[in-house]
Amino acid sequence: MMIQNLDEVSSKANDSFRNSEWGPEAAEAMCKDVREFPVARNSMTMGDLIDKTPKDLISKVMLEEKLFDTWHGDRIVLLGDACHKLFPSAGLGAVSAMQDAVTLANCLYELPQYPSTAEINKAFKHYQNERYPFAKNAYDTSHRLAGVVGTSWYNHAFRTVMKWMPKSLFTKSLVVMYSYRPQASFLKYIPDKGQIKPAPQPSLERARARARGDHAKANKARAV
């Protein structure tokens with residue numbers, strides 16, 4: 001994978017590509033632009049790799065990274081790339097979207113049968129409050145790991161630091177990344193037996209508390 005970071009000027013120059021079809025012409029033009037780029041820690045260039053790769057396996061895509069502050073409004077709510085676009089460097093894009101979906105489903109499951117707009121907004125607020133810190137951590141992680149690729153002195157320094165990073169520090173970063181493992185409140189609860197203690201999941205705890213309350217009310221009604 002070749003990633004070319006665009007500054008504000010060059011990003012605007014590529015706006016036409018952003019809205020155009022991602023066809024072979026765009027890939028061919030990209031290949032010409034990066035042919036002389038050296039391959040990190042190797043004597044090869046990108047041109048050497050391009051020449052050995054079938055053209056139908058080469059594609060160009062526009063990547064964006066952005067963490068939005070607003071995820072909902074009235075009866076509309078966003079999830080996944082619509083509210084947090086991540087670089088693929090950390091492999092956290094798809095899993096973050098799935099975590100959004102589980103948390104949002106839990107918050108919607110709490111709503112009454114005929115919710116008001118205010119109640120819907122409250123559910124959306126719970127959803128964003130729970131997910132935003134973890135989305136922010138995924139965004140920061142993806143941004144940092146993007147520094148692994150590249151040929152500048154900064155990229156070389158970053159790779160050196162990563163190589164000699166103490167295992168304990170690396171493990172600590174993984175704990176933060178993998179501690180959030182949401183479960184759907186409307187499915188059978190499965191005890192988490194992982195070595196890393198799961199992070200709190202307010203939407204699940206609220207749903208379980210509500211289920212306990214409903215169960216107590218049902219028992220009381222049967223007793224009467």
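## Exercises on a predicted model

The face of α3 turned away from its buried side carries the exposed residues P24, E25 and K32. Keep in mind that this is a predicted model.

**Exercise 1. Which residues of helix α3 are buried, and on which side of α3 do they sit?**

Step 1: Walk along α3, residues 24-34, and pick out the buried ones: A26, A27, M30, C31 and V34.

**Exercise 2. Work out what the chain is built from, and in what order its helices and strands come.**

Step 1: Count the elements: the chain has 9 helices and 4 strands.

Step 2: Read along the sequence, and the pattern is α-α-α-α-β-β-β-β-α-α-α-α-α.

Step 3: Check burial too. Of the 224 residues in the chain, 26% are buried.

**Exercise 3. How many aromatic pairs are there, and is the pair of W71 and Y127 stacked or tilted?**

Step 1: Pairing rings with centres within 6.5 Å brings the count to 4 aromatic pairs.

Step 2: Take W71 and Y127. Their ring centres are 5.6 Å apart and the planes meet at 55°, so this pair is tilted.

Step 3: W71 is in the loop between β1 (66-67) and β2 (72-73), while Y127 belongs to helix α6, so the pair ties together parts 56 residues apart in sequence.

Step 4: Ask about burial. W71 has a relative accessible area of 1% and is buried; Y127, at 0%, counts as buried as well.

**Exercise 4. Sort out the pair of F134 and Y180: how are the rings arranged, and what parts do they tie together?**

Step 1: The ring centres are 4.1 Å apart with planes at 20°. Planes under 30 degrees apart count as stacked, so the F134 and Y180 pair is stacked.

Step 2: F134 sits in helix α6 and Y180 in the loop between α8 and α9 (202-223), so the pair links parts that are 46 residues apart in sequence.

Step 3: Compare accessibility. F134 is partly exposed at 23%, whereas Y180 is buried at 3%.

**Exercise 5. Find which charged ends sit over the rings of F68 and Y189.**

Step 1: Over the ring of F68 you'll find the charged end of K66, 5.9 Å from the ring centre.

Step 2: Over the ring of Y189 it's the charged end of R208, 4.1 Å from the centre.

**Exercise 6. What lines the second largest pocket, and which helix supplies the largest share?**

Step 1: Start with the space: the second largest pocket holds about 290 Å³.

Step 2: Its lining has 15 residues, with T141, R144, L145, S173 and M177 lying nearest the centre.

Step 3: α6 (117-145), α7 (153-163) and α8 (167-178) each give at least two lining residues, and α8 has the largest share with 8 residues.

Terms used. Residues numbered from 1 in each chain as written. Predicted model: local features only at pLDDT ≥ 70, side-chain atom pairs only at ≥ 80, totals over all residues. Heavy atoms only, no water. 1 Å grid on protein atoms, 1.4 Å probe; cavity = no way out; pocket = protein on both sides within 12 Å on 5 of 7 lines; lining within 4 Å. Points joined across faces, edges and corners; volume = space filled by probe spheres on them. Phe/Tyr/Trp six-rings, centres within 6.5 Å; stacked < 30°, edge-to-face > 60°. Buried < 20%, exposed > 50% of the residue type's maximum accessible area, 1.4 Å probe, protein only. Lys NZ or Arg CZ within 6 Å of the ring centre and 35° of its normal.
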